[in-house]
Amino acid sequence: MKRTIRFILIGFLLCWGANSFGQENYYKLYTHNPYAEENQFIQTKPDLSTPPAFEAIKSKLPSPSWPARKDVIAAYWKAWEIAFSNLRAVNPASGFTAPYIDAAFNGCVFMWDTSFMTMFGKYGTHAFNFQGSLDNFYTKQKPDGFICREIRSTDGSDCFERFEPSSTGPNIMPWSEWEYFENFNDTVRLKKIFPPLLAYYKWFQINRTWKDGSYYSSGWGCGMDNQPRVPEGYDVQWGNAHMSWIDTNLQQIMSAKILIKMAKELHREKDVQALEKEISSLTDFVNSRMWNDKISFYTDLFEDNTLSSTMTIGSYWALLADVVPPARLERYLSHLTNTKEFNREHRVPTLSASDPQYDPNGGYWKGSVWAPTEYMVLRGLTAIHQDSLAYEIACNHLNNVVGVFSKTGTFFENYAPEKVQGNDRKNFVGWTGLSPIAILMEYVFGIRADVPNNRIVWDVRLKDDFGVDNYPFGKEGCVSLHSKARKDTRQMPKIKVNSNVPFTLTLKWDGGQKDIAIKASGK
């Protein structure tokens, strides 16, 4: 008994000593990263302003109308109300530089939560700079390029030691920033965020790869904490299991392609020449080593070079990464429509229903439907022009989320795949704001902006009367788009469009497409 107490006391003193004396006790093992040296955020003076209240800025937000679905509109406004209640001013002790939207989870900011929250936050940019929430991660970048996945908002300290397998990721910040650029054409921000994003990519490349060049992660590192992906004997949350992780490899391909797009806009092509080689080698690796032909699915690769049979939604990052050969596409997509796999009452579960560990109630990442992975699948389908399937899945998802909202008055961290039920944390906006805001706008209403090309694509699939006022288009643009009710989706919609800036509207409907020049303050 005395011996046990002595060991506990020694352990306490060692931990206390490490925490008390800080990093002075350790070598600072930072390798040189020239792009981290370009990071302007580290020296930025903090913005200590107080974020606005919802009621004060509600008039600056997009205002949707859908007379046949007042429940959807009510959910839309409630999502914004909760989101604005989660805005936070900078705590000077944190070292953060920008007011931000908080996931309201545990007092920390999360890399991939924040990346997804900005994707619906872009619609509120005229009211609050949601994109600036990512600035706090760039501010905390280490000299070697590392950025921690979870940072305490009290003192700005990292929650993980950087070489631990769960310390960072998923690497989707480039996707978030490119989404913002496509909606606002903000080249000033693009120039500023490019170096820290490239620095982080290169840190990931050096510190998260095996000898064959493939990438690894962990349950926490990939963001899907408890998915049954690792072999027996490894910890499902923390272990990398010496595997090549399918989602991590695909995210690196996607991010490398986006960084190349950024470099082209900034005339910095020389900085990303090595990424072209990485894309080619990783794409070949994924298609030759991580395609499980027995089940027509991309899966994790085990240490012994055998393939996993676990069908995780993480596989569908392949669509945004644009790696699927045409000959495989039909078989690969068929899992999304298979009622024994991903086509459940609430689509799309994060684990196939055919898996022995699938939980019909959700089980967190063992089958629950999550807004971020739902949005990822939808954007992937858009990228490969599978618009009808995307619309079908989006409507199903929105109806389920709104169904829960109508019963409970709020939103949840995730949803059950077999019933209309919210799971785990409630009032979660949070990334669940994607569903009643971004998915409503982009998939159910079918409105997608392409500001660098001065275009809005409007894919009208609803037969109901619907529309939106105060739709943000670039820094100054404000657009109203309305479609009248019609009897047949093959009928060209009768629309009314007003804008304070000129642009080209690409109007699409079942069986037709037309480009329309929209004049400023006209039709």
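Colleague: Why are H14 and H15 called roughly antiparallel to each other?

Modeller: In this predicted model, local features need pLDDT of at least 70, side-chain atom pairs count only at pLDDT 80 or more, and totals for chains, interfaces and linings use all residues. Residues are numbered from 1 along each chain as its sequence is written, and side-chain values use heavy atoms, with hydrogens and water left out. Helix H14 (residues 387-408) and helix H15 (residues 435-444) pack at an angle of about 150°. Angles over 145 degrees count as roughly antiparallel, so H14 and H15 are roughly antiparallel to each other.

Colleague: Which residues of H14 and H15 meet?

Modeller: Contact means heavy atoms within 4.5 Å. Among those that meet are Tyr391, Leu398 and Val401 in H14, and Ile439, Leu440 and Tyr443 in H15. By class, the contact of H14 with H15 has 11 nonpolar, two polar and no charged residues.

Colleague: What makes arginine 162 buried or exposed?

Modeller: Buried means under 20% relative accessible area, and exposed means over 50%, with a 1.4 Å probe and protein chains only. Arginine 162 has a relative accessible area of 10%, and is therefore buried. Arginine 162 lies in the loop between strand S5 (150-152) and helix H7 (173-184). Leaving aside neighbours within four places in sequence, arginine 162 is in contact with residues including Asp144, Trp203 and Arg208.

Colleague: Which residues does phenylalanine 84 touch, not counting residues up to four places away in sequence?

Modeller: Phenylalanine 84 touches Pro52, Phe54, Ile57, Leu61, Ala127, Phe128 and Phe130, with that exclusion applied.

Key:
Axes fitted to C-alpha atoms, helices over the stretch in contact; angles between N-to-C directions. Helix = DSSP H or I, 4+ residues; strand = E, 2+ residues; numbered from the N terminus. Parallel < 35°, antiparallel > 145°, perpendicular 65-115°, else oblique. Nonpolar A, V, L, I, M, F, W, Y, C, P; charged D, E, K, R; others polar.
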